[in-house]
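This briefing covers the surface patch, the pocket and the cavities of one model. Please look at the sequence and structure below before reading on.

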Amino acid sequence: MRFKHKWAVAMILGAAIANATRAQETPIQSQVEKPADAQQACMPGMKMPGCPEIKTQAMQHGSDRMTMHPETFLQYIMSHTGSGTSPEPISTPVPMLMTIKGPWMLMFHANVFVLDEQQSSPRGGDKFFSTSWLMPMAQRKLGPGVFTTRVMLSLEPATVTGRRYPLLFQQGETAFGVPIANGQHPHDFIMEVAGLCDLKLGEKSVLSFYFAPVGDPAIGPTAYAHRASASENPVGTLGHHQEDSTHIADDVVTVGFTHRMARIEASGFHGREPDEFRWDIDQGKIDSWSTRLTIEPGKNWSGQYSYARITSIEALHPSENQERMTASVTYNRPFYDGNLANTLLWGLTRSLRDNAIFNSYLLESTVRFRMRNYAWARIESAERSNELTHGESPLPPGFREQPIGQVQAYTVGYDRDIALVPHLASAIGAQFTTYGVPERLKPIYGAHPVGVAVFLRLRPFSGRAK
């Protein structure tokens, strides 16, 4: 594990900047102190289905108005501030830039990490790279409903060289025609292009439609890159391909019905995972389906169960179809100058060809405290397959993928916002991961491999107090 001198200098500079900005804090906070964590579906001055008429005067500066937080599950559903149609708890903060242009409400979300990853195992790697997603969206009233259009992009095809970045024990997809082992593939440049329409059916029900040449069908919770409980972690989860890897799928159509605190959805989509050429849009016939039930009994809680049948999911095993199930509980709690977000998640995949079953489990939490500070932890246990014993070598003829044991990963991290650029929440941070290795893999990986990441995080926000 080799630490580069530039990161030592960056950490020293970051600590100096953090101390300087701490010394400048006053009771009247600076513009980076109080991000407007907008979660809106209801805007002052805009009559939107499901929203009460707002009588309270809102703070205004030009066309940028402070948003009102959604008060009900219906209002939150129609805000569409997450990935696909997957909801988080109503109270979840969503940093963004927002303005009003005529009948349109325009929003911009993003999360960008520039990091250096160092790993100690013989199978580990060291790399300087960047992970990112950027999501502009627009929303307006349209007839009896609300219309939303959204695009999500990632710069990872350019900022992750070699078609993957180091992530010990990770499996899934391919690079240069062979299975990726101990690495996470980059996201596609176009992660989502979607149109959504919500029609209010009385005071307590909403019928929703989602159409996406590239998008996120109704499987699993909010994908890791967009979860509040994972917002400060710059790398993927080990259970990604059991839990939420379908967040980039092709030719997605979803219908959802929400009543009071319950939502039921059904999706059709093309099942094949994206190929390793990340700049284009892959398309195919709708050959897979999923359904999801979501319950939100209060502003701070959300739970979901989803089931899917996915056709020909892997390019290296085109005749293999897959069954997938996920269940999760998410808890979010705002508090003075902070927020606590938690996710408990289970995912399972079963091959319909040979009945090979892979389970994964995840518990993660992120706490924001004293406005500028973030600390997080992630605990995972993920079933790994015998592909790992071959590394990134072509698989032998007749190879059959089978489970070989659970790998555990334990991650803790911390970062702190610093004042660099207006409307850009910048932070310098680090995280540490240690692993529990099954006996069969210890001769290959060692008994106690570790990984360290040091990073700069950038995220847009409005710079207004709540």
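## Surface patch, pocket and cavities

Leu201, Phe257, Met261, Ile264, Leu293 and Ile295 make a nonpolar surface patch of about 480 Å². The model is predicted, so local features need pLDDT of at least 70 and side-chain atom pairs count only at pLDDT 80 or more, while totals for chains, interfaces and linings use all residues. Residues are numbered from 1 along each chain as its sequence is written, and side-chain values use heavy atoms, with hydrogens and water left out.

**Patch**
- A patch is made of residues with over 30% relative accessible area and no salt bridge, where like charges are joined within 9 Å and nonpolar side chains (Val, Leu, Ile, Met, Phe, Trp, Tyr) within 5 Å.
- A salt bridge is a side-chain nitrogen of Lys or Arg within 4 Å of a carboxyl oxygen of Asp or Glu.
- Accessible areas come from the Shrake-Rupley method with a 1.4 Å probe, and for residues only the protein chains shown count as cover.
- Met261 sits in the loop between strand E11 (249-259) and strand E12 (262-270); strands are DSSP runs of at least two residues and helices (H or I) of at least four, numbered from the N terminus.
- Met261 is partly exposed, at a relative accessible area of 40%; buried is under 20%, exposed over 50%, and partly exposed in between (1.4 Å probe, protein chains only).

**Largest pocket**
- On a 1 Å grid over the protein atoms alone, a cavity is a set of points where a 1.4 Å probe fits but cannot get out, and a pocket is an open set with protein on both sides within 12 Å along at least five of seven lines; lining residues have an atom within 4 Å of a point.
- The largest pocket holds about 560 Å³ of space, the volume being that filled by probe spheres set on grid points joined across faces, edges and corners.
- Its lining has 36 residues, with Gly172, Glu173, Glu273, Glu314 and Glu401 nearest the centre.
- E7 supplies the largest share of this lining, 5 residues.
- The lining of the largest pocket has 9 nonpolar (Ala, Val, Leu, Ile, Met, Phe, Trp, Tyr, Cys, Pro), 11 polar (the others, Gly among them) and 16 charged (Asp, Glu, Lys, Arg) residues.

**Cavities**
- There are 10 cavities of 30 Å³ or more.
- The largest cavity has a volume of about 450 Å³, and of its 29 lining residues Pro93, Val94, Pro95, Ala228 and Ser231 are closest to the centre.
- The lining of the largest cavity comprises 13 nonpolar, 10 polar and 6 charged residues.
- The second largest cavity contains about 170 Å³ of space.
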